[in-house]
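Please keep the model open while reading.

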Amino acid sequence: MDWNISAKLIVLFNSRKMKPYYRHLNTIFNSNSEQYSYYSGLLNWVNSSQASIFQDERDILLKEIRSKMHSSYNNLKPWYYSLSRGCEICAAGKWSCLFISGVCNAKCFFCPAPQDQDDIPTSQMKSFNTSQEYVDYINMFGFKGVAFSGGEPLLNASKTIEYIKAIRIKCDPEIWIWVYTNGLSGTRDIYKKLHEAGVNEIRFNLCATNYNVDILKDAVPFIAKVTVEIPVVPEDFEKLKLLIPQLIKAGVSNLNIHELRLTQHNAALLSQRDYTYAHGHSPMVIESEIAALKLLLFAYTSKFEIGINYCNFPFKSNFQKVGYKEIIAQKYVKAEQEITANGYIRNITGSKGKVKLNQIEENDHLSIQYQSIVIKEVSSDSPKNDFIEIGGKPYSFELLNNGGEIKITTEEFLDALKVVAPEEITNNDIYRIYNFETKDSEFPDYM
């Protein structure tokens with residue numbers, strides 16, 4: 001970062017009058033600086049002048065995209081031609097992704113995970129020793145879709161197929177099942193068995209094989225929907241333009257693209273490339289996002305008959321993650337409570353007791369409290385009233401109070417629900433309400 005600019009930011013961030021939004025950005029900035037301090041000098045964090053140039057370019061691209069194609073989910077998912085059913089279920093948060101194992105046989109430089117841990121199957125930070133445990137979990141929360149990932153799930157194809165069969169037999173027959181793979185372990189026999197087990201869709205990471213389209217051809221005769229899902233590597237942009245017609249010819253129905261993101265697991269390799277990084281809860285490569293938007297426009301102008309969508313982190317954070325929180329919250333919400341658009345349980349207490357949003361009275365003084373549910377595995381010898389069983393396996397459901405009690409008038413609370421520009425908020429309580437109540441409707445600024 002340009003040190004003159006950094007010094008100005010420090011002055012701003014240390015000001016007692018700093019707006020809550022900028023205090024929030026300061027927290028993210030400091031967290032990333034600490035987390036990636038080992039790579040100090042190797043990672044090109046965006047400075048303010050670069051951010052302005054990049055944002056102008058992104059704004060121009062987004063304006064054109066939104067005038068010509070779809071831009072769903074609060075404008076956070078631009079897409080062209082079609083979305084797969086799996087993507088729609090994912091957007092609603094009504095899916096579970098089971099990581100069969102953490103081991104992978106590819107060496108993608110951008111991989112955000114360690115890929116060397118041979119664990120038991122896990123989903124949403126919960127482990128499932130048997131297919132029956134996982135089936136009971138799916139049925140408990142009524143998930144509409146299940147994905148199998150890793151690592152590489154086809155390295156242990158027999159276990160993957162075992163879990164798929166159990167889901168198809170014991171869960172909703174309409175449940176959508178898809179598998180992520182790099183294709184290196186795929187064979188006609190495996191794809192045939194996946195089809196017979198009940199797989200609806202398979203998604204290939206072609207980056208793992210230098211965009212080798214031939215690697216997916218054995219799957220096309222057996223799996224009804226073949227998708228390619230890849231990050232956009234900026235230096236491969238011209239390759240990707242040539243790849244799209246090859247995918248169509250091979251029988252691929254959808255291309256899902258996303259941005260490169262920085263993690264502790266890929267920082268060493270990413271730092272060797274001339275990328276620019278934007279701060280955020282999950283730092284991203286700006287050039288990758290710009291290239292993804294350009295690829296969408298290229299597909300549109302070329303009139304390619306293939307669905308392409310940009311599945312970015314802001315979309316995932318505001319819809320995929322929130323949808324999962326809503327599913328969990330719905331199991332515990334009480335009659336006088338409601339679930340916010342951001343997936344939290346809202347508790348309102350007025351002068352006459354607990355009320356819902358449409359029951360609050362004018363000129364009242366309210367107490368607002370937001371809660372969320374955390375599911376954890378517990379020991380079977382825990383007191384019975386501390387957990388519930390799902391398929392014979394004990395879990396605790398902890399109700400967390402988020403952010404403390406907020407005391408506010410009716411008028412102030414209703415005004416807080418109308419906020420559309422968080423950077424303009426000057427009141428800490430209003431900013432907290434905004435974050436608990438409202439999904440983002442724009443891509444975050446580069447910072």
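Leucine 247 is in contact (heavy atoms within 4.5 Å) with Leu206, Val213, Leu216, Val228, Val252, Leu255 and Ile306, leaving out residues up to four places away in sequence. A second, separate core of 20 residues includes Tyr21, Ile360, Ile368 and Phe436. A nonpolar core here is a set of buried Ala, Val, Leu, Ile, Met, Phe, Trp, Tyr and Cys residues joined through side-chain atoms within 4.5 Å. Buried means under 20% relative accessible area, exposed means over 50%, and partly exposed is in between (1.4 Å probe, protein chains only).

The largest nonpolar core has 109 residues. Phe148, Ile167, Leu194, Leu206 and Leu247 have the most contacts inside it. Helix α10 (residues 286-302) gives the most to this core, with nine residues. Helices (H or I, at least four residues) and strands (E, at least two) are DSSP runs, numbered from the N terminus. In soluble globular proteins, nonpolar side chains tend to be buried together.

## Basis of the values

This is a predicted model: local features need pLDDT of at least 70, side-chain atom pairs count only at pLDDT 80 or more, and totals for chains, interfaces and linings use all residues. Residues are numbered from 1 along each chain as its sequence is written, and side-chain values use heavy atoms, with hydrogens and water left out.

## Tyrosine 80

Tyrosine 80 sits in strand β3 (residues 77-80). Is tyrosine 80 buried or exposed? Its relative accessibility is 9%, so tyrosine 80 counts as buried. Not counting residues up to four places away in sequence, tyrosine 80 touches Met69, Leu296, Ala299, Tyr300, Lys303, Phe304, Ile306, Gly307 and Ile308.

The side chain of tyrosine 80 reaches the backbone oxygen of phenylalanine 304 at 2.5 Å. Proline 114 is 34 residues from tyrosine 80 along the chain, and their C-alpha atoms are separated by 33 Å.

## Salt bridges

A salt bridge is a side-chain nitrogen of Lys or Arg within 4 Å of a carboxyl oxygen of Asp or Glu. By this rule there are 21 salt bridges. Arginine 273 and glutamate 235 form one of them, at 2.4 Å from N to O. Arginine 273 lies in the loop between α9 (267-270) and β14, and glutamate 235 in the loop between β12 (225-231) and α8 (237-250), so the pair ties together parts that are 38 residues apart in sequence. Arginine 273 is partly exposed at 31% relative accessible area. Glutamate 235 is partly exposed at 43%.

Arginine 261 and glutamate 259 also pair, with their closest N and O atoms 2.7 Å apart. Arginine 261 is buried at 17%, and glutamate 259 is buried at 3%. Aspartate 214 bridges to lysine 217 at 3.0 Å; lysine 217 is partly exposed at 43%. Glu133, Glu377 and Lys393 are linked in a network of salt bridges.

## A three-stranded sheet

Three strands form an open sheet in the order β1-β14-β15, with mixed pairing. Why is one side of β1 and of β15 left without a neighbour in the sheet? β1 (44-45) and β15 (284-285) stand at the edges, and each has a single partner strand, so one side of each has no neighbour there.

Two strands pair if DSSP finds at least two bridges between them. Strand β14 (residues 276-278) pairs with β15 in the antiparallel sense over two bridges. Alanine 278 stands opposite methionine 284 in β15.

Note on methods
Polar contact = N/O pair within 3.5 Å; in protein donor to acceptor, adjacent residues only side chain to side chain.
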